[in-house]
Amino acid sequence: MSFTLPASGLLRRATVLLAAALPLALPGAAGAAPLAADFAPAAAITMGNGPRGLESGDFNADGKRDLISASQLSNAAIVRLGNGAGGFGSPVTWSTGAGPFAVTVADLNGDGRQDFATANVSASTVTVRLGTGTG
Ligand SMILES: [Ca+2]
Ligand SMILES: [Ca+2]
């Protein structure tokens, strides 16, 4: 390993060499103690009948993450707006083709608002719903 440094950079050169010689001891790095995972008690949130696939997005553009799930047995996607503290509002149902099995969230038309699409296994279709930014 070599470095090209200006002649006046002796201190920087020593620092670079020292840093290169030290093993990384960052949490989670190879050889370091693993980070502990910790979570609050579980919260059960209903997402329609037969939820399949789960995504998050910000459907009402309030800066808080919302949830969406494809509800296979309801032929719908279920959206619950997040409150930013881990809680979610009442479910809002959006119809899809028959048997939505998966859902994805993206800005599909580039207007800055989140949209979603479901893959509908029973209908062999994909449903696209463009977001209005109001949830
Ligand atoms: Ca939101
Ligand atoms: Ca969009």
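Leaving aside neighbours within four places in sequence, Ile78 is in contact with Met47, Gly48, Ile68, Ser69, Ser71, Pro91 and Thr93. Two residues are in contact if their C-beta atoms, placed from the backbone, lie within 7 Å. The model is predicted: local features need pLDDT of at least 70, side-chain atom pairs count only at pLDDT 80 or more, and totals for chains, interfaces and linings use all residues. Residues are numbered from 1 along each chain as its sequence is written, while chains are lettered from A and ligands numbered from 1 in the order in which they are written.

**Confidence**

- The chain averages a pLDDT of 84, where pLDDT is the predictor's confidence in each residue, from 0 to 100.
- A score of at least 70 is reached by 77% of the residues.
- Residues 1-23 stay under 50 in pLDDT. The model has 6 contacts beyond four places in sequence for this stretch.
- Where pLDDT is low, the predicted coordinates should not be read in detail.

**Overall layout**

- The chain holds 1 helix and 7 strands. Helices (H or I, at least four residues) and strands (E, at least two) are DSSP runs, numbered from the N terminus.
- From the N terminus on, the order is α-β-β-β-β-β-β-β.
- Of the 135 residues in the chain, 23% are buried.
- A residue is buried if 20 or more other C-beta atoms lie within 10 Å of its own, exposed if 12 or fewer, and partly exposed in between; C-beta atoms are placed from the backbone.
- Among contacts between residues at least 6 apart in sequence, 32% join residues at least 24 apart.

**Nonpolar core**

- The largest nonpolar core has 13 residues. Such a core is a set of buried Ala, Val, Leu, Ile, Met, Phe, Trp, Tyr and Cys residues joined through C-beta atoms within 7 Å.
- Ile68, Ala77, Ile78, Val79, Val103 and Phe116 have the most contacts inside this core.
- Two or more residues each come from β2 (66-71), β3 (76-80) and β6 (115-120).
- β3 gives the largest share, 4 residues.

**Four-strand sheet**

- An open sheet of 4 strands has the order β1-β2-β3-β4, and its pairing is antiparallel. Two strands pair if DSSP finds at least two bridges between them.
- β1 and β4 (92-95) are at the edges with a single partner strand each, so one side of each is left without a neighbour in the sheet.
- The twist averages 25 degrees from one strand to the next. Axes are lines fitted to C-alpha atoms, for helices over the stretch in contact, and angles run from 0 to 180 degrees between N-to-C directions.
- β3 and β4 run antiparallel and are joined by 4 bridges.
- Ile78 has Thr93 in β4 as its bridge partner. Thr93 is also among the contacts of Ile78.

**Three-strand sheet**

- A further open sheet is formed by 3 strands in the order β5-β6-β7, again with antiparallel pairing.
- Its edge strands are β5 (100-106) and β7 (125-129), and each pairs on one side only.
- Neighbouring strands here are turned by 20 degrees against each other on average, direction ignored.
- β5 and β6 are joined by 6 bridges. Ala102 stands opposite Ala119 in β6.
- β6 and β7 pair over 5 bridges. Thr118 has Thr127 in β7 as its bridge partner, and Asn120 stands opposite Thr125 in β7.
- β6 is largely enclosed by the rest of the structure, because 5 of its 6 residues are buried.

**Positive phi**

- Most residues other than glycine have a negative phi, and most peptide bonds are trans.
- Ala61 has a positive phi near 55 degrees and is not a glycine. Ala61 lies in the loop between β1 (51-57) and β2.
- Ala61 is partly exposed, with 14 other C-beta atoms within 10 Å.
- Asn75 has a positive phi of about 50 degrees, although Asn75 is not a glycine. Asn75 sits in the loop between β2 and β3.
- Asn75 is buried, with 22 other C-beta atoms within 10 Å.
- Ser124 takes a positive phi near 55 degrees in the hairpin of β6 and β7, which has 4 residues between the strands.
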